[in-house]
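Dear colleague,

I am passing on the structure below, and after it you will find my notes on a few places that I looked at. Please read them alongside the coordinates.

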Amino acid sequence: MGKLLSLGARLRYPITITKLLKSKGDTIKKQEPVLEYSFKFMKEVGDQFSDNLHQEEQTAISEWASPVDGNFERWRLREGDVIVRDMPCMEVEEPCDHAIQFHGLCAVCGQDMTEVNWASDQIDTDRATVNMTHDQTGLMVSNDMAARAEHDAQRRLLRQRKLSLVVDLDQTIIHACIEPTVGEWMNDPENPNYDAVKDVEKFQLNDEGPRGVTQGCWYYIKMRPGLREFLEKVAELYELHVYTMGTRAYALNIAKIVDPQQKLFGNRVISRDENGSITSKSLQRLFPVSTNMVVIIDDRADVWPRNRPNLIKVVPYDFFKGIGDINSSFLPKRRDILPAPADVPNGKTAANASPNVTPEQAQPHTPAKPSALDELVSMSSGNDKKLQAEQTEEQERSLEHQITDRPLAHMQEVLDKEKEEKEKAAPEEDNEPIHRGQVLRDDDEELQFLQSHLTRLHGDFFEIYDARRASRRESPPRQAPSHDKPRKASYDDGVDLSMVPDVGEVLDDLKAKVLQDTVIVLSGLVPLGIDVTQSEIGLQAMSYGAEIQTKVSRRVTHLVVAAARTGTQKVKQASRISSIKIVNQNWLSDCLSQWKHVDEAPYLVDVEPHQRRHNGTAEDTASEDGRPTLRLLGLDGEEQILEDDSDDGEEDFAPDDNGPMSPIETLEGFNWGSVDDELNEFMAGDSDSEGTDGESRADDEDGDSSDAESTSHSGTKRKAEDTEDESEDGSALAKRQRVAKDRGASKLSAVRTSGGSGTGEETAESSSLPTPQVTGDEDNLAYTNGASQAASQADTDDLDLEAAMEAEMEKELAAAAG
């Protein structure tokens with residue numbers, strides 16, 4: 001089938017085809033007329049000077065020219081047809097379809113694709129818009145050509161039993177810096193960091209590198225431990241591609257260090273120079289048709305917004321402390337989980353904890369909101385020249401900081417001073433030498449876990465693929481119902497693209513089993529104002545099967561906290577529920593890294609005694625069946641535990657959903673009547689034992705039943721006025737005055753719940769209701785909807801009382817006047 005040509009949208013529809021000028025087999029030249037058509041239009045005629053003008057319909061004849069060269073095949077319309085809109089009109093067999101173009105020229109026939117063609121609505125460069133090569137951004141192919149090329153590559157990989165693996169460089173398989181101290185340590189065998197840096201590689205970018213102070217500087221490259229062995233093993237299962245946000249000159253120099261013989265990556269290296277965007281990465285840049293057989297390993301997930309299912313996120317390799325990613329100035333600031341210090345506050349050492357912690361990470365850290373530049377970076381596609389200039393300047397300032405400030409040398413000086421202080425403080429008879437501390441340590445094990453994950457993923461992928469192909473082979477060949485004879489089985493060449501599973505779905509299934517049945521609350525790890533379920537940490541945890549909650553409740557299994565911030569409100573709440581394990585962020589990081597639910601014991605965070613309530617832990621304030629209880633402290637100091645009679649399953653601190661929680665919600669359904677009965681007995685017995693006081697405490701029986709019920713449910717008791725002799729038919733005003741006088745006059749010493757502590761003493765303004773703490777990260781209390789409603793009701797009662805008093809006074813004045 002030839003190329004199908006359309007009339008275009010520029011014609012004055014409706015038109016009538018009057019004459020077809022070409023027939024089958026005729027040669028057509030570009031911009032040559034091939035048909036004639038007529039159209040009607042309105043024209044103003046008459047004498048404009050005598051103001052005798054009117055509209056008159058006229059008919060015009062025009063020609064339609066071919067936008068391409070080729071041989072005419074057939075018409076899609078006939079003479080006399082009335083065409084009301086754009087539609088295909090003919091088919092032409094072109095001598096060249098211009099499916100491959102290089103810098104505006106057809107790579108096959110050499111024709112200029114940028115030439116303006118007035119006979120066409122489209123330009124010829126639109127025929128090839130896909131860039132599939134790693135290094136030549138000027139080489140473009142058509143969509144059909146891209147599909148054929150990608151399917152051929154997939155067939156080749158399936159025959160080799162391989163998948164494609166896209167590998168990031170910085171902080172994934174290598175770590176780079178330009179700090180001159182590293183070069184000095186490499187030449188000093190006496191330095192304590194010599195063993196860690198002796199295998200560091202280096203290169204210079206010269207004219208292609210940064211300008212200013214950093215021009216001509218040395219780049220020091222540390223390969224992740226076991227990298228070459230890892231790549232050799234993985235290359236047996238995957239075809240490797242490099243995808244970095246560094247420049248192409250930088251990427252090629254790294255590739256020479258990692259793969260000096262070009263056996264692993266070859267020329268499959270793509271940098272930000274060819275990426276098309278300096279803010280994000282996309283698999284569609286290399287695999288525009290299908291990503292079903294592509295896996296990514298990267299230390300950042302936020303730069304792959306369209307390809308998260310294909311990503312295995314690795315723990316960032318931070319060998320040169322305090323340096324980070326030297327090419328990250330073009331990317332949004334990191335918002336993922338930060339490693340905790342190796343020595344956590346409780347003195348325990350987290351298993352597999354990263355020792356490479358910057359001084360900033362060792363301090364209490366609250367993730368900051370992104371700057372204005374970060375927001376621009378996240379919104380930009382990378383084509384803003386001004387923004388690129390600002391980011392380039394930021395990168396140069398960051399690199400200059402390494403040369404001028406020498407952070408690694410400063411860290412070593414701090415360790416040397418500590419050594420000198422220890423030597424001065426050591427006893428003279430102690431002959432054991434004190435060794436110099438070292439800043440850099442080469443004990444990363446991430447690639448061991450990563451190799452295991454990739455091998456497992458490869459095996460599961462081809463297991464599903466083989467099972468699908470076997471199922472198709474075993475099923476009888478299907479034929480249309482009209483055919484009597486069975487269809488012959490087709491030749492099986494070992495490849496069937498229709499049976500290829502999506503590796504992203506296989507990866508999701510594997511990861512979802514890691515933290516299955518785990519309910520996690522995060523504390524101190526997500527910036528304020530950011531939805532935890534949309535944060536980078538939350539997304540990662542949920543992709544591994546965890547359920548993320550924002551409130552502490554009995555459903556929660558783990559509270560993950562920042563190691564330097566263990567005094568939050570959530571920690572205090574979780575410490576009163578024995579089933580919740582309070583761990584630092586290294587536990588979550590290691591679970592995601594190792595793809596297993598690691599033991600929590602090395603990561604547990606000790607809660608300081610002052611952070612717990614005086615009434616003890618959850619075991620002390622809960623009944624045997626786990627229901628919440630109330631602690632009542634009488635005047636004699638004895639405690640009574642009253643179980644919650646409700647069976648509605650309310651949690652102590654938060655409901656099961658993520659909605660806002662009121663402190664009153666924890667007491668919904670509580671049987672206050674039973675509490676009053678037991679409290680009356682308790683206080684009556686207490687009154688009998690206090691012979692010196694001579695004061696009785698009992699319910700006021702003078703009020704009506706509604707008043708008594710109202711004050712009973714509000715948790716208040718009223719004293720009996722022994723000296724006041726008032727009949728049952730007393731005025732309503734007197735009753736209201738007595739209610740206002742006795743409101744809040746409870747003699748209950750303290751009320752405690754599993755979520756709060758007693759008050760010690762009750763004042764006239766204090767409430768006897770147990771008030772749980774709010775669920776939040778800070779040590780402050782907030783009024784909730786329930787409390788506000790109670791206060792509002794009290795204000796209403798006071799207004800009613802004032803109005804009644806005014807009405808009574810007016811009556812008395814009127815009676816006196818009369």
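Not counting residues up to four places away in sequence, Ser38 touches Pro14, Ile15, Thr16, Thr18, Thr59, Ala60 and Ile61, where contact means heavy atoms within 4.5 Å. Ser38 has its place in strand 4 (residues 33–47), strands (E, at least two residues) and helices (H or I, at least four) being DSSP runs numbered from the N terminus. With a relative accessible area of 12%, Ser38 is buried (buried is under 20%, exposed over 50%, partly exposed in between, with a 1.4 Å probe and protein chains only).

On provenance, this is a predicted model, in which local features need pLDDT of at least 70 and side-chain atom pairs count only at pLDDT 80 or more, while totals for chains, interfaces and linings use all residues. Residues are numbered from 1 along each chain as its sequence is written, and side-chain values use heavy atoms, with hydrogens and water left out.

Arg406 is found in the loop between helix 9 (385–405) and helix 10 (407–425), and counts as partly exposed at 26% relative accessibility.

Best regards
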